[in-house]
Amino acid sequence: MGIEFPLTICLVALTVAHVSLAQNSPQDFLAAHNAARAQVEVGPMTWDDTVAAYAQRFANNCSLVPSERPYGQNVAQSFLSLTAAEAVKFWVDEKPHYDYAVNECTGGECLHYTQVVWRNSTRLGCASVRCYEGYLFVTCNYDPPGNYLGERPY
C-alpha cells in the first residue's frame, strides 16, 4: 500500500517527452505571486515574454533537475491537475518555515517561498506541460534571481 502525494518536488532527473499545455494564463501566475508578495509588502512582478520562453523550453524537458540558468527557478509536479494558483500556493505554503529574524529556513524547506517574495525579482515567466508519464510539470522563472546567501528576501 503506497502513499499518494498530490504535489511533489523531486531532485531526480526524468527523461520524458511532452505535450505543451496552455491552461494557465500569465495573469493567473502573476496574481498568485503578487498576492504573496503583497502580504510582505513587496512590489508586484510583471510578466516577461523572454523569461516565459525560457521557462517553456525548460518545462518541455520535463526535468526536475534545476537548470544552469540566468534566472531564479521554482518547479512543481503533480499527477493530478495543477493550476497556476495551486503551484504557487505549494511554494508559498513554505512561508511558516522561513524565520525572518534569523533569515533562515527552520523546520523545513522555505527557499521556494523566498524566491516568490524576493524583493529584487521583478520579472516573471512560467510554463506548464503534461509529460508523457502523465504528470503535470510547472516551472516559474524569476529575473533577477533571488535567494542570495546572507541577503533577506524582503
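Hello everyone, let's start with a bond: Cys-62 and Cys-131 form a disulfide, with their sulfur atoms 2.0 Å apart. By disulfide I mean a pair of cysteine sulfur atoms within 2.5 Å.

Before going on, a word on the source. This is a predicted model, where local features need pLDDT of at least 70 and side-chain atom pairs count only at pLDDT 80 or more, while totals for chains, interfaces and linings use all residues. Residues are numbered from 1 along each chain as its sequence is written, and side-chain values use heavy atoms, with hydrogens and water left out.

Back to our pair. The torsion about the S-S bond of Cys-62 and Cys-131 is about -100 degrees, so this disulfide is left-handed. The two cysteines come from distant parts of the chain, 69 residues apart: Cys-62 sits in the loop between α2 (49-60) and β3 (72-78), and Cys-131 in strand β6 (residues 123-131). Helices here are DSSP runs of H or I with at least four residues, strands are runs of E with at least two, and both are numbered from the N terminus.

Are these two cysteines buried or exposed? Cys-62 counts as buried because its relative accessibility is 0%, and Cys-131 is buried too, with a relative accessible area of 3%. Buried means under 20% relative accessible area, exposed means over 50%, and partly exposed is in between, using a 1.4 Å probe and protein chains only.

How many disulfides does the structure hold? It holds 3, so let's visit the others.

Cys-105 and Cys-110 form a disulfide with sulfur atoms 1.9 Å apart. Its S-S torsion is about -80 degrees, so it is left-handed. Here Cys-105 counts as partly exposed at 31% relative accessibility, whereas Cys-110 is buried at 1%.

Then there is the disulfide of Cys-126 and Cys-140, whose sulfur atoms are 2.1 Å apart. Its torsion is about 110 degrees, so this disulfide is right-handed. Cys-126 lies in strand β6 and Cys-140 in strand β7 (residues 136-143), so the pair ties together parts that are 14 residues apart in sequence. Cys-126 is buried, with a relative accessible area of 6%, and Cys-140 is buried at 0%.

If you number the bonded cysteines in sequence order, the pairing reads 1-5, 2-3, 4-6.

Now the wider picture. The chain has 4 helices and 7 strands, following the pattern β-α-β-α-β-α-β-β-α-β-β along the sequence. Of its 154 residues, 45% count as buried.

Finally, a helix pair. Helix α1 (residues 26-39) and helix α3 (residues 84-92) pack at an angle of about 30 degrees, with their axes 8 Å apart. That makes α1 roughly parallel to α3. Axes are lines fitted to C-alpha atoms, for helices over the stretch in contact, and angles run from 0 to 180 degrees between N-to-C directions. Angles under 35 degrees count as roughly parallel, over 145 as roughly antiparallel, 65 to 115 as roughly perpendicular and the rest as oblique.

Which residues make the contact? From α1 come Asp-28, Phe-29, Ala-32, His-33 and Ala-36, and from α3 come Ala-84, Ala-85, Val-88, Trp-91 and Val-92. Contact means heavy atoms within 4.5 Å.
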